[in-house]
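Q: Please go through the structure shown here and say what each label rests on.

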Amino acid sequence: MKILVAYVSGFGATAEVAKEIADILGRQHTVDLRTLSAVRSLEPYDAVVIGSSLRAGRWLGAMNRFLKRFAEDLASRPVAIFTVALTARTMEGSRRVLAENLPRLLERYPNLEPIATEAFGGVVDYDKYNVLVRGIMHKVAKEEGLPTSGVQDFRDWEAIRHWATELAEKLAAGTTPA
Ligand SMILES: Cc1cc2nc3c(=O)[nH]c(=O)nc-3n(C[C@H](O)[C@H](O)[C@H](O)COP(=O)(O)O)c2cc1C
């Protein structure tokens, strides 16, 4: 199967998760890894995996634009969606993102029924932020009961690899003739 893994990432955390997912899918499939905004066509792909981080409770703009632009193509292919977000660093938070933020993203696309969705914990790195972003992040961190300086990386690489491995198998199974 030829699979596109496409992502949008503000500060690199989602990009690294996308790369790990692409590497694992690549063991069984042919995979292209791209940013969402670099994708011109879905024609070459049998399946699509898309990811975005969350910012102030919303998906990054490129994710919304991608869905709008390729809605028709996505409805006719297996699609998997992942997010990387601070809230998703706990199991309960991850469920909340999937139950609240994901439906908000997909509500305008009733024909898009992802075969897999997951929310992974994210990264906070105050050294990478400008004053404005740092201010927003301070607010988010306080609400979440987290430190307001330094680096915190909540990505669970085991969980990420597990999800990608299961997805690779699911996609492979889907192509097996009955
Ligand atoms: C300005 C800003 C706002 C954020 N807002 C949220 C949020 O509302 N909910 C959340 O779970 N995480 C939030 N985060 C955390 C990011 O989702 C997390 O840092 C993620 O790893 C960022 O990935 P990226 O570097 O790929 O953009 C926010 C981060 C920043 C910088």
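Q: What makes H4 the element that gives the most to the shell around the ligand?
A: In this predicted model, H4 contributes four residues to that shell, the most of the elements. H4 is called a helix because it is a DSSP run of at least four residues, and the run covers 131-144.

Q: Which residues are closest to the ligand, and how many surround it?
A: The shell counts 22 residues, with Gly-10, Thr-14, Ser-53, Ala-85 and Gly-122 the closest. Besides H4, the elements that give two or more residues are helix H1 (13-25) and strands E3 (47-55), E5 (79-85) and E7 (123-125).

Q: What classes make up the shell around the ligand?
A: There are 13 nonpolar, eight polar and one charged residues. Gly is counted as polar here.

Q: Why does the radius of gyration of the protein chain agree with a compact globule?
A: For 178 residues the globule rule gives a value near 16 Å, and the protein chain has 16 Å, so the two agree. Along the principal axes, the C-alpha atoms fill a box of roughly 55 × 30 × 30 Å.

Q: What share of the protein chain is called buried?
A: Buried residues are 34% of the 178; the label requires 20 or more other C-beta atoms within 10 Å.

Q: In what order do the elements of the protein chain run?
A: The five helices and eight strands follow β-α-β-β-β-α-β-α-β-β-α-β-α from the N terminus. Of the contacts between residues at least 6 apart in sequence, 78% join residues at least 24 apart.

Conventions
Residues numbered from 1 in each chain as written. Predicted model: local features only at pLDDT ≥ 70, side-chain atom pairs only at ≥ 80, totals over all residues. Near = placed C-beta within 6 Å. Rg over C-alpha atoms; globule rule 2.2 N^0.38 Å. Buried ≥ 20, exposed ≤ 12 C-beta atoms within 10 Å, placed from the backbone. Contact = placed C-beta atoms within 7 Å.
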